[in-house]
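Subject: Handing over the structure

Hi,

Here is the structure I promised to pass on to you.

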Amino acid sequence: MKKQKKREEILEQYTWDLTTIFKNEEEFLKELESAKEEIKKVENFRGKITLSASHLLSYLQFSDALERKLYKLFYYANLKFDSDTTDSESQKLKGKVDNLLQEESELSSFVNPELFSIPYTKVLEYMEENEELKKYHHTLESFYRTFPHKLNETEEKILSSLGNALSVSEEAYECLTDSDMKFGTIQDEEGNSFELTESNYTNYIRSSDRTVRKAAFTRLFETYATFKNTIAKTFAGNVDYLTSMAKIRKFKSSLEASLFYDNIDTAIYDNLIDTVHNHLSVLYKYYALKKEILNIDELHLYDIYVDLVDETNKEYSFEEAKETVLEALQVLGEDYVTTFRRAFEERWIDVYNNVGKRGGAYSSGFYDTNPFILLNYEGKLRDVSTLAHEGGHSMHTYLSCKNNPYHDSHYKIFVAEVASTVNELLLLKHLYKKEKDDKQKLAILNEILELFKSTIYRQVMFAEFEKKVHALKEQGEVLTNELLSKEYYELNKTYFGEDVVVDELIAYEWERIPHFYYNFYVYKYAIGLSSACYIVEGILSGKEGARETYLDFLKSGGSDYPAEELKIAGVDITKSEVIESAIHMFDETIDEFEALYKKVYP
């Protein structure tokens, strides 16, 4: 039986170096105590923030300094916790920081109402008086556009005090799925028993052995089915929180509330879903090709992830992955690659899975830390793609922080998936171009097809599910397991079409999607890939200024609204053509794969 390694069994070179944040826990705790005293100073600003331009500037500078101190603590505690969620000491550190952030939120609850006590026109006058204050223009403009949705000081303080309690649904879900849920064992292709986990499920659902992938699919979703009522409660609790907050803050819906802070019109969200619905035939075409190549009478949902060519079983050591990705990104310039190389040399990356480690992959970082990347590396081509993907996030963070003052360094999540997907596409196109073996070229094309299928169609299906269930809640429906599973199952039937067997167990898949707790997040993946397609085509075709405008976009940080920042790179996400161009690339890649496949396997 294959067992997960314990954290201490992982070689140090493959773990991230958190000593670059704090040398040890003692230093962390010392800074924690310092922060406890620092947050009390916010009271010194009560009743004074809006008295003059200098008073406003003084508060903003204090707030930045305090936030930097708090979030340095936050990142250390959370990264340490994610390394091993079962470690009680890490749980305690994370809890201490969460409590401190809660305390700061309560103490500063007077700030927003006090700022709103003067009109934005007065703030504009202050900025004309003070050049240093003018540097906060976007910060202040973004803040004052929220005025119609703010509450009075007492109400804001009440909501702040409930912060931890209101977020318990997501935390309970994470504890259950990351630490407590066990999926038992199944047998691999050689008949060896192994423990099924969320991390290695990705490999076995893609097994060329249909018995193995069906067993993985069945075991995983049967396990989720046993937790259907518990997870329905955490899910419904989160939806209830978001819809209630939207109503309290005078939004028409939780969707509008969620998109508001990115200054994104709900029409963009709706247009994304409508555009994809209008082109489901391309996805059906892809599944028809998969069914034909797999040579099976019925294409089930446990078949759709299997690789179409055996060469995707090729293993990549992490060292090979590193050099391949760095080589692929040379088109972005030497400075970009030199900086990214530091991620490997300075241990920004936590590479392999271990007991209790958070599943999946992410990039996380802050103004006063280097970026950090969490992986659960298994050695497949898609793991190499994940490294490129998360590296895109990290470089976006690095360039944003290095080219902006603190208050303008936080780019919105909305644009984050552009940087990551550009890297992924550059990697795959680089591999395809240099590959001489037609069979391996098929493997690379297969990976590109999977990227489009999973990032556009799958994420839009998730986005539509979110929209549906939130709307149902707002219409007074009770979000039971039965209702959630029914809605999810029906959406699967729509997106997979009549030629795919939609297995009943897929009705429980909504339970395993952590992004449903991230407040209408998933649609951004589809927008990101669509935007990335346009950018990559420009760079690789040698379009004048394409690389430079893209790097300028990465450096823009949070200095403008997301849709405006994308225009720096020449992308207008209000237009259907942006989504359609990506779907067209997907369609062309299907045709390219099919033609090459018939050449290799006549």
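Below is what turned up, grouped by topic. Please keep in mind that this is a predicted model.

**Salt bridges**

The count for the model is 41 salt bridges.

Take D262 and K524 to begin with: their closest N and O atoms are 3.4 Å apart. Are the two partners buried or exposed? D262 has a relative accessible area of 7%, under the 20% cut-off, so D262 is buried. K524 is buried too, because its relative accessible area is 9%.

Next come E509 and R458, which form a salt bridge whose closest N and O atoms are 2.7 Å apart. E509 lies in the loop between β7 (500-501) and α23, and R458 in helix α21 (residues 438-474), so the bridge ties together parts that are 51 residues apart in sequence. Both E509 and R458 are buried.

R342 and E346 also form a salt bridge, with 2.9 Å between the closest N and O atoms. Here R342 is partly exposed, as its relative accessible area of 28% falls between the 20% and 50% cut-offs. E346, at 32% relative accessibility, counts as partly exposed as well.

Finally, there is a network of salt bridges that links R7, D350 and K357.

**The cavity**

How many cavities of 30 Å³ or more does a search of the whole structure find? The search finds 1, and the space in this largest cavity is about 80 Å³. Its lining is made of L283, Y287, I304, Y305, K453, Y457, R458, M461, Y495 and F496. The elements giving two or more residues to that lining are α16 (280-294), α21 and α22 (481-496). With 4 residues, α21 gives the most.

In helix α8 (residues 153-161), the buried residues are E156, L159 and S160. They lie on the same side of α8, because they cover an arc of only 100 degrees around the axis. As background, an α-helix has 3.6 residues a turn, so residues three or four places apart point the same way. The cover over the buried residues of α8 includes α3 (88-107), α4 (111-115), α9 (163-166) and α13 (228-248). At the start of α8, a side-chain oxygen of N152 comes to within 3.1 Å of the backbone nitrogen of T154.

Helix α10 (residues 168-180) has S169, Y173, L176, T177 and S179 as buried residues. These buried residues of α10 pack against α12 and α13.

**Three single residues**

S207 is placed in the loop between α11 (198-204) and α12 (210-226). It counts as buried because its relative accessibility is 4%. Leaving aside neighbours within four places in sequence, S207 is in contact with E189, V212, R213 and V306.

F553 is part of helix α24 (residues 546-555). With 1% relative accessibility, F553 counts as buried. Which residues does F553 touch, not counting those up to four places away in sequence? They are H396, V415, V418, E565, L566, I568 and A569. For a sense of distance, the C-alpha atoms of F553 and K80 are separated by 31 Å, and these two residues are 473 residues apart along the chain.

E8, in the segment before α1 (25-39), counts as exposed because its relative accessibility of 64% is over the 50% cut-off. The C-alpha atoms of E8 and E417 are separated by 33 Å, with the two residues 409 residues apart along the chain.

Conventions:
Residues are numbered from 1 along each chain as its sequence is written. This is a predicted model: local features need pLDDT of at least 70, side-chain atom pairs count only at pLDDT 80 or more; totals for chains, interfaces and linings use all residues. Side-chain values use heavy atoms; hydrogens and water are left out. Buried means under 20% relative accessible area, exposed over 50%, partly exposed in between (1.4 Å probe, protein chains only). Contact means heavy atoms within 4.5 Å. The arc is that of the directions from the helix axis to the C-beta atoms. A polar contact is a pair of N or O atoms within 3.5 Å; within protein, one must be able to donate a hydrogen and the other to accept it, and residues adjacent in sequence count only if both atoms are side-chain atoms. A salt bridge is a side-chain nitrogen of Lys or Arg within 4 Å of a carboxyl oxygen of Asp or Glu. On a 1 Å grid over the protein atoms alone, a cavity is a set of points where a 1.4 Å probe fits but cannot get out, and a pocket is an open set with protein on both sides within 12 Å along at least five of seven lines; lining residues have an atom within 4 Å of a point. Grid points are joined across faces, edges and corners, and a volume is the space filled by probe spheres set on the points.
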